[in-house]
Amino acid sequence: MESAADVSSPPRDGQSFRRRLIGFIAIGEVGVLAAMALLIVFFWLLEPAFLSERNIRAILNVVSFVGIIAIGQTILLVAGEFDLSVGSVAGLSAVVAAKLMTAAALPVTVAILGGVGVGALIGLVNGLIVVRLGIPAFIQTLGMLFIGQGLIQVVTGGYPVYPLPEAISAIGGTDLAFGLGWSFAFFIVAAIAADFVLRRTVLGRNIYATGGNQEVARLVGIDTSAYKIGAFIVVGALAAIAGMFVMADLGSGGTSIGSGWELTVIAGVVVGGVSLFGGAGTVAGGVVGILMLKVVQSGLVVIGVNSNWQQIAVGVIMVMAVGLDIVRRRYFIAGA
């Protein structure tokens, strides 16, 4: 004859399993990592050259550029806003720095700081207009995207800026390990630092509170406006740094630097579990999401899929990621 404890044990086990499953699914990075692992195996089975040293290095090199911006975009999304102008900010900062080195003949360090300053200033303008004037981030940053593209043409006259000083070429041509240079090193260090700040510090918890529930955050004394403006400045400065790493890699201030990055970055971080609605996500997740997008794009190229289908694949993945985010918030995190 079964005891009462024996009879009640299966339900408790079932509840425990359900809680663990919910906790597992609620971690955005887990699902993305699992999906990415499956995709890597899939592409490798179709074309073993997908995991060649050359292809892996190419993927990591591209990820290092857009990944730097993804770090800032993740912080901004967690704070409850987003920035569509990051691509044009990257391009404008790069050509301004290139002009300062060539036309103005300023030292390389001063020119680079000038480029970063342009990115941070645009971030400040975006932040002030969105937060203080109440203009939606979609409208403001979309407008800044077009302004930035126009300014790139004004600054350069439509032509690449070159020749750049030897120091720039040296930065772009540095091989620290596995064919990867300073951009990848900066990307890794910045990602670790930003992830630590978001997860482990009061500053990070206040950013989550700002994006999660702005009214409650205000009631407990958090200056939500300052946090949002600060996040805009961070993403602007990081976009500028990414643009200048591309400039160093190319050896010129090209007018196409940063073109199309804005949607790639947002798609990647959302795929990585960063919520479009604020208050959820991690830098690690955003970085993994960017890596997954590049794995998909590279895999489709390696197996010979038409480039038009690559764009379709990215769009489908982004929609699926947003849908998963909505489901996760509704049924697992919010407990609805």
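Q: What span should the 19 residues of helix H8 have at 1.5 Å a residue?
A: In this predicted model, helix H8, residues 182-200, should span 27 Å, and its end C-alpha atoms are 27 Å apart, which agrees. The expected span of a helix is 1.5 Å times one less than its number of residues. Helices (H or I, at least four residues) and strands (E, at least two) are DSSP runs, numbered from the N terminus.

Q: Which residues are buried in H8?
A: The buried residues of H8 are Ser183, Phe184, Phe187, Ala190, Ala191, Ala194, Asp195 and Leu198. Seen down the axis of H8, these buried residues fall within an arc of 130°, so they line one face of the helix. The arc is that of the directions from the helix axis to the C-beta atoms. Buried means under 20% relative accessible area, exposed over 50%, and partly exposed in between (1.4 Å probe, protein chains only).

Q: Which exposed residues are on the face turned away from the buried side of H8?
A: That face of H8 carries the exposed residues Val189, Ile192, Phe196 and Arg200.

Q: And what covers the buried residues of H8?
A: The cover includes helix H3 (53-78), helix H9 (202-212), helix H11 (224-250) and helix H13 (283-302).

Q: How many residues of H13 are buried?
A: In H13, 16 of the 20 residues are buried, and the helix is mostly covered. From its first C-alpha to its last, H13 reaches 28 Å, close to the 28 Å expected at 1.5 Å a residue. Gly304, with a positive phi near 85°, follows H13.

Q: Stepping back, how many helices and strands are there in the chain?
A: The chain has 14 helices and 0 strands. Of its 336 residues, 45% are buried.

Q: What share of the contacts is between residues 24 or more positions apart?
A: Such residues account for 78% of the contacts in the chain with a separation of 6 or more. Contact means heavy atoms within 4.5 Å.

Q: Which residues have the most contacts inside the largest nonpolar core?
A: They are Ile71, Met247 and Trp261, in a core of 86 residues. H11 supplies the largest share of this core, 14 residues. A nonpolar core is a set of buried Ala, Val, Leu, Ile, Met, Phe, Trp, Tyr and Cys residues joined through side-chain atoms within 4.5 Å. In soluble globular proteins, nonpolar side chains tend to be buried together.

Q: What is Ile71 in contact with?
A: Leaving aside neighbours within four places in sequence, Ile71 is in contact with Phe187, Ala190, Ala191, Ala194, Leu238 and Val283.

Q: Let us turn to the loops. Where is Pro163 found?
A: Pro163 is in the loop between helix H6 (137-156) and helix H7 (166-173). A cis peptide bond, with omega about 0°, joins Tyr162 and Pro163.

Q: And Ala105: is it buried or exposed?
A: Ala105 is exposed, with a relative accessible area of 59%. Its loop lies between helix H4 (86-102) and H5, and its phi is near 55°, a positive value in a residue other than glycine.

Q: What about Phe178, and where does it lie?
A: Phe178 lies in the loop between H7 and H8. Its phi, near 60°, is also a positive value in a residue other than glycine. Phe178 is partly exposed, at a relative accessible area of 38%.

Q: What does Gly80 touch?
A: Not counting residues up to four places away in sequence, Gly80 touches Gly211, Lys228 and Gly278. Gly80 lies in the loop between H3 and H4. The C-alpha atoms of Gly80 and Ala280 are separated by 9.2 Å, although these residues are 200 residues apart along the chain.

Q: Finally, where is confidence lowest and where is it highest?
A: Confidence is lowest in helix H1 (residues 4-26), at a mean pLDDT of 57, and highest in helix H5 (residues 108-132), at 96. Over residues 1-8 the pLDDT is below 50, and beyond near neighbours in sequence this stretch has 2 contacts in the model. The chain averages a pLDDT of 87, and 89% of the residues score at least 70. pLDDT is the predictor's confidence in each residue, from 0 to 100. Where pLDDT is low, the predicted coordinates should not be read in detail.

Q: Which conventions apply to these values?
A: Residues are numbered from 1 along each chain as its sequence is written, and side-chain values use heavy atoms, with hydrogens and water left out. In this predicted model, local features need pLDDT of at least 70 and side-chain atom pairs count only at pLDDT 80 or more, while totals for chains, interfaces and linings use all residues.
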